[in-house]
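Please read the following account with the sequence and the coordinates open beside it, moving from one region to the next as the paragraphs do.

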Amino acid sequence: MPFLEEWTDTVVVGAGHAGCEAALACARLGLETVVFTVSVDSIALMPCNPSVGGSSKGHLVREVDALGGEMGKVIDRTFIQSRMLNVSKGPAVHSLRAQADKAEYGRVMRKVLESTDHLQIVQAEVAEILTEDGHVTGVKLYSGAVYYARAVILCTGTYLKARCIYGDVSMHTGPNGLQAANYLTDSLKKLGIRMYRYKTGTPARMDGRSIDYSKMEEQKGDERVVPFSFTTDPESVQISQASCWLTYTNEKTHEIIRNNLDRSPLFSGAIDGTGPRYCPSIEDKVVRFAERDRHQVFIEPEGLHTNEMYVGGMSSSLPEDVQHAMYHTVPGLEHAKIVKNAYAIEYDCIDAQQLYPTLEFKKIKGLFSAGQFNGSSGYEEAAGQGIVAGINAAMELLGKEQIIIDRSQGYIGVLIDDLVTKENKEPYRMMTSRSEYRLLLRQDNADQRLTPLGYQVGLIDEERYQKFLIKKEQIQHERTRLEETMVGASAKICAFLERHDSAALKTAASLAEILRRPEIKYEYLQEIDDDFPGLPAEVYEQVEIDIKYDGYIRRQLRQVEQFRKLESKKIPPDLDYKDVKSLRIEALQKLKLCKPISIGQASRIAGVSPADISVLLVYLEHRRQKGGSHS
């Protein structure tokens, strides 16, 4: 019986946040691209929190945008509340977070995909990856149809052999009751790909009409909204915003949970998957933080055209009756009606150490992987991996050099390096503390760091790039002007400093030196600066940070120099670590498993000591002197 056969350049399996960015990157770079989804209604689905961004995650969205991705643009068009987090702390940890209109976000992203040339959406389940002589050749669908392709990108999210569980209820479905993908795992295992079983969870959704908001603290959006995308007109996002609400669990809530732990699949052994440490269920919190008498609960709207409210901070897999009792102890939720029960979801994913930092499988040429399927969690982490996998699949097919974003260039680089280098036994979540160079990797300068790369690969057009160059020149020019403009202890300057509770000048100083004082802000300078320019906020914000933190930034730049020296020492792909005498057995095993591409990456592998690195460096130098293949 004949089956359908199609030919294309690239196949993307899955249309979540990773799949959307991967497919758009490939198609925009001119490759014929087919993206498969188990349901077109699940394109860019937000099965958990109805938000984009947050601590460190806002950095990732900005970086995706700087590379030419879509997530930032779509959330700017569909947000219903926006807040800049951590504003009381330093600029390195300032993070933008926006509540999304969940349904509208998916609709807008789907429209973007449908309007993109070279991109085709197909609703079907991919059942098998086809390979020949270590190269991917396409995919086979559950229907039997075959799509031949030169590159395949796996972005399956939480759908592979997915199982949703609460109490004794277990359903073999994907998130939100959507169809699971039950056949691809077996195909991947036959190809020798190591798989993990992970789990995540989501809280209940409540009918907003049944909630008593008078018992909660209102959480409003920022008065002045900052957009995610560098291309969004800041005036276009100054909208009327929806409110969120804050309440708390209490001892009664915790008592109900403790009394029913034996009925929780998490504690009874009914769930095999490993859950995320940094996004625990409410039963996890009650057990792990027994000394806490309350936990925060955020009530967040799922959109403007629904009464559904998300109960953030109370994900659970407890039985239905326990959920009702537990939620009803929370102030404001005493009479709340549950629209959707909380549940945990188990799914198959890979050990990402099988990937190069380009997100291509080491064993299978042309097969790439991105998103939660790589063992990460979060929409933003998925999007960051998706655009890198899409770019690199395209670069390979176009005969160009693939890109690697390193740890000093972006949070995307930290994320991918951690996934492919370290042993991650639980879903990986991005945090600012994971970055060694976070003062350099701020969300405000993501375009300065990554837009040249986006332009180089072809995702940033000429018009946007020229605007970027103008902004870069404005930053440099203004910084130089402030460093070179001197002021003395005149009556005007003395009055200015006194007005802002700043110490008097003893000698002449530059405007930059005055700006370095903690109590002086850039905009204050117009009181004493006759040549004060009317620069856009996004320009003077970076000028101010660069000047105020100049010493710290210089120190991190010196650290980056040392880091790059190790990254530049490449390890030949054909190196047999058994030939490297004096390596400890553990280091030998870890290096063989991970196959690092550089000394820098090798140094970050758990179980590889500084002494092992020294041995490896000596061996590579001897090999080089003997005329080996080391480059």
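Is Glu423 buried, partly exposed or exposed? The model is a predicted one, and in it Glu423 counts as partly exposed, at 36% relative accessibility. The side chain of Glu423 meets that of Lys590 in a salt bridge, with an N to O distance of 3.0 Å. Lys590 belongs to helix H18 (residues 585-594) whereas Glu423 sits in the loop between H11 and H12, so the pair ties together parts that are 167 residues apart in sequence. The accessibility of Lys590 is 18%, and because the cut-off for buried is under 20%, Lys590 counts as buried.

That pair belongs to a wider set of charged contacts. Side chains of opposite charge can pair when their charged atoms come close. The count of salt bridges in this model comes to 50. One of them joins the side chains of Asp186 and Lys161, at 3.3 Å from N to O.

Elsewhere, salt bridges that share partners join Arg407, Asp417, Asp418, Lys422, Glu436, Glu567 and Arg604 into one network.

The loop that holds Glu423, between H11 and H12, also contains Ser435, and the flanking helices span residues 411-421 and 446-457 respectively. Ser435 is buried, with a relative accessible area of 1%. A polar atom of the Ser435 side chain lies 3.2 Å from the backbone nitrogen of Tyr437. Leaving aside residues up to four places away in sequence, Ser435 touches Tyr411, Val414 and Leu441.

Among the strands, E21 (residues 343-350) has eight of its eight residues buried, so this strand is largely enclosed by the rest of the structure. Both faces of E21 are covered, with Tyr343, Ile345, Tyr347 and Cys349 buried on one side and Ala344, Glu346, Asp348 and Ile350 buried on the other. Strand E12 (residues 163-166) pairs with E21 in the antiparallel sense over three bridges, and within that pairing Cys164 stands opposite Ile345. Strand E14 (residues 195-202) also runs antiparallel to E21, to which eight bridges join it, and Tyr198 stands opposite Tyr347.

A separate topic is the open sheet of four strands, which follow the order E1-E10-E9-E8 with mixed pairing. Strand E1 (5-7) and strand E8 (126-132) stand at the edges with a single partner strand each, so one side of each is left without a neighbour in the sheet. Neighbouring strands of this sheet are turned by 25° against each other on average, direction ignored. Inside the order, strand E9 (residues 135-141) and strand E10 (residues 146-148) run antiparallel and are joined by three bridges, and the bridge partner of Lys140 in E10 is Val146.

Key
Residues numbered from 1 in each chain as written. Predicted model: local features only at pLDDT ≥ 70, side-chain atom pairs only at ≥ 80, totals over all residues. Heavy atoms only, no water. Helix = DSSP H or I, 4+ residues; strand = E, 2+ residues; numbered from the N terminus. Buried < 20%, exposed > 50% of the residue type's maximum accessible area, 1.4 Å probe, protein only. Polar contact = N/O pair within 3.5 Å; in protein donor to acceptor, adjacent residues only side chain to side chain. Contact = heavy atoms within 4.5 Å. Pairing = 2+ DSSP bridges. Salt bridge = Lys/Arg side-chain N within 4 Å of Asp/Glu carboxyl O. Axes fitted to C-alpha atoms, helices over the stretch in contact; angles between N-to-C directions.
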